[in-house]
Amino acid sequence: MREKQSYAGLDRFRIFAAFLVVAIHTSPFMSYSKTADFFFTKVLGRIAVPFFFMVTGQFVLAEYMDPQKRSAGRITGYLKKIALLYVIAVLIYMPPGIYAGHYQNTGLTDWLRMVLFDGTFYHLWYFPACILGVSVVCGMGRFLKMPQMFVAAGALYLAGLCGDSYYGLVREVPAAASLYEMLFSVFSYTRNGIFLAPLFLLLGALAGRRTKRMENIRLLRVLLALSFLAMTEEAFVLRHFKLQRHDSMYAALPVVMYFLYEALLLSDRRKPERRRGGRGKSAFLRTAATWIYILHPLMIIAVRGVAKKAGLEALFVENSLLHYLAVLAGSCIVSFMIALLLQGRKDEPFEKGRAWIELDQDALSHNVAALRAMLPETCRLMPAVKADAYGHGAKLVAEQLRRLGVDAFCVACAQEGVALRRQGISGEILILGYTHPKQFGLLRRYRLTQTVVDHHYAMQLNRYGRNIHVHIGVDTGMHRLGERSENVEQIASVCRMKHLVVDGMFTHLCVSDSDRRQEQEYTRSQAKAFYQLSDQLREMGLLPPGIHMQASYGILNYPDLAGDYARVGIALYGVLSTQEDTHKWQDTLRPVLSLKARVATVRTLYQGESAGYGLQFTAKQDTQIATIAIGYADGLPRALSGGAGSVLIRGQRAPIIGRICMDQTLVDVSGIDRVRAGDTAVLIGRSGEQELSVCEMAVAAGTITNEILSRMGARLERVVV
Ligand SMILES: *Cc1c(COP(=O)(O)O)cnc(C)c1O
C-alpha cells in the first residue's frame, strides 16, 4: 500500500521557507531598520535551508538509515534529480554570471570550489551542499550507528560554527586561525555540505524513523518559542561584539529546528486525512517551492532591469520592501506556472483504479464514541488492529484512532507491531500471540508489550536478560493461550520475575456472544475465576496495574466486566460476527468498510453459450454480462460463485455467475441500464438505495464477518473517505 500520510503542513511550510530565502537575498526591511532586517534575514531566515535539509533527511534518508530497508536506488535517484536541478540552475545563471564578470581569472581550483561548495552563483550553494551532505551521511551510515553518526555530525556542525558566526572568537587562537584560513582557501564558507548539512539531514532522518513522539502541541510551541528566543539572543550578542564572519549557523539553530519540525509533523498528524486533491496540491507546492528557490535571483535581475527601463527605481529598487515584494511576486508567478506545467505531466496517484476499500472515518469515530459511552471512564479502549485491522488497513485505522485519543492497541504478532511502529504509530502495542525467542530483540527495539502465553514462556522471556514489558495471559476456560487461572503460585512467580515488567493481566471470553443460559453461566465462571485470581494476587501485593477481559461481545453483553482496558475488535469496525447480532446493534454501530471494484468490460452472452472456468454458467437467453476486476485473491470468497453472491451496479443487484477467478468475477447485468466499462461495482456497501452488507456476504459464504474482513487482500487499495 502506498504511503497515505498527509504532509500538507510540511508542504505549506516549504513555500514559507522559500519566501525566507528570497528575503535573505533582498533584505526587505533594509530601508526601514537595520536591526529589523538583521532579525528577518539573519535570524528568522536561517531556519529556511536547514528546514529543506530536514525534509530531505526525512523523505530520502530515513529509509536508507534502516538496514533492513536500505536500498541505494532511491538515494541515487534523488541525487540525480538534485544534480539535474543544479545543472539547470547553473545554465540559467551562467550568462548573467559571465556578464557580471564573475568568472574572470578563475582557475581550476576556483571552479572546483564553486561547483562543490560555493555554487556558481551566490545562492546555488544549496544544491551541491545537498548532494555532498547526503553522500557524507550515507558514507557515515556504512560504519556508524545512529547515535555515533549524530556525534560525528554534531562535531562537524561545531567545527562549522567556529568558522561561521563564532569565527571572531576562534580567530584569537593563532593555530585555529591558520587552520581555518587554510580551510577557507578550499571553500569560502563553512555553511556547506560538509559542516552544515549532515546534522540537519540526520535530524530529518530521525524524524522520519522515530516511533516515540511528542504529542503535546502546547509544550512544543513553548519550547519552539523559547529556543527561537535563545537563538535571537545569541545572534544579537554575536552581532554586538562583531564576532560573525558569516551568519548562517548558530548554536541554538539545531534545537530550534528540532522543535519546529516536530511541531509541523504533529499538526499534520492531528489533522484528519486530507480528502480529495490533498496530495496533488502538496506535490504542486513542493515543485513551486523548489522553483522559487531556483528562479528568484533571476527575478532580482529582472525587477532591477524593468524598474530601470520604466524609471521606477526609486519605488522598486530603493524601497527594499517593495523590491522584495516585486521579486517575490515575480518568482511566485513563474514558479507556480512551472509547477502547473509539470503537474500536468505527472501521473497523479489514483487508488480507485481496480479494486479498493473505502474507510468511512465518520463511522469509525462514531463507533469509538459509542463504545466509550458503554464503558466506565477508567476503562481505555485497546482496539484490535491485528490482521491489517480486520482487513481495513492497520496504518490508516491506527492513525485515525490516534487522532481520536486512542493510545493502546493490540495486534496478533510481532511483525504487526513492528509495522505499526515503522509507520509512526505511538502508544502501547500489546502482542496477543506468541513471539519466538529469536525475535525478543524486536520487543525492546520497538517498545512492544508481549503476552505471557504460559509459565514456561515467561521463563524464556525472563532469560532474555533485559527488561521486557508484558501482560500475563490467563486461561479461564478457553484453553488457547494463557497460564491456567488456578495456578496462582506460577502466575505470582511470573509477577516476580526480574526482567519482566508486568503492566497487565488479561483473560479471553469464548462464549460471550451467546445469550443461551449455559453459555452465560460459563462466561460468569470465567469472570469469577479471573477475579478470584486477581484478589489473590492483590493480597500478595502482586496485582498488575492493567486488568482486562472484554473483547467486542464482552463490552456489549457483559458491560459489568469492564476492566482497565477493553480489547475491542469487530465492533469497532461497525459490525458483529453474525447477521443477527449486527442487526441487533445496528442503531449503535456503523459499518466502516466498503468494498468496490471496476467493471472491466461488458458483453453479450448469447443463448446457450457458457462462460468462465469450467463453463459453469450457461445463458438461458441472451444475457448481458460484466467482468469485475476483483477475485478471490482480493478476499472475495470463492464460495460466492454460481449465484451465491451478488454485487451492486448503478443501484441494482447483479448476481455473480460462474466461478469466481483469482482476479476477476463475472456478473449478470441484464436488466441494468447502461452498464459500461469503468463503472463501479459495490461488493460491500451502498449503491443508490441498495445496500450489501458484509454480513450478507458472510452468510452466503458460510462464515462469520470476521473472516471475510480479515482476509481482504493486500493488493486492495485503502482509501479514507
Ligand atoms: C482478536 C482478539 C480480540 C478482539 O476480538 P473481537 O471479538 O474482534 O472484539 C480481543 N482479545 C483477544 C485475545 C483477541 O485475540
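This report describes the ligand site of a predicted model.

Local features need pLDDT of at least 70, side-chain atom pairs count only at pLDDT 80 or more, and totals for chains, interfaces and linings use all residues. Residues are numbered from 1 along each chain as its sequence is written, and side-chain values use heavy atoms, with hydrogens and water left out.

**Ligand surroundings**

Around the ligand (a heavy atom within 4 Å) are Ala384, Lys386, Tyr390, Leu432, Arg480, His508, Ala551, Ser552, Arg567, Val568, Gly569 and Ile570. By class, this shell has six nonpolar, three polar and three charged residues. The table gives polar contacts, which are pairs of N or O atoms within 3.5 Å.

| Residue and its N or O atom | Distance to a ligand oxygen atom |
|---|---|
| Lys386, side chain | 2.7 Å |
| Tyr390, side chain | 2.5 Å |
| Ile570, backbone | 2.8 Å |

The ligand taken alone exposes 390 Å², and the protein buries 88% of that (Shrake-Rupley method, 1.4 Å probe).

**Pocket**

The second largest pocket holds the ligand, where sitting in a pocket requires more than half of the molecule's atoms within 2 Å of the grid points. A pocket is an open set of points on a 1 Å grid over the protein atoms alone, where a 1.4 Å probe fits, with protein on both sides within 12 Å along at least five of seven lines; lining residues have an atom within 4 Å of a point.

The volume of the second largest pocket is about 800 Å³. Among its 35 lining residues, Lys386, Met478, Arg480, His508 and Ala551 are the closest to its centre. The lining has 17 nonpolar, twelve polar and six charged residues.

Key
Polar contact = N/O pair within 3.5 Å; in protein donor to acceptor, adjacent residues only side chain to side chain. Nonpolar A, V, L, I, M, F, W, Y, C, P; charged D, E, K, R; others polar. Points joined across faces, edges and corners; volume = space filled by probe spheres on them.
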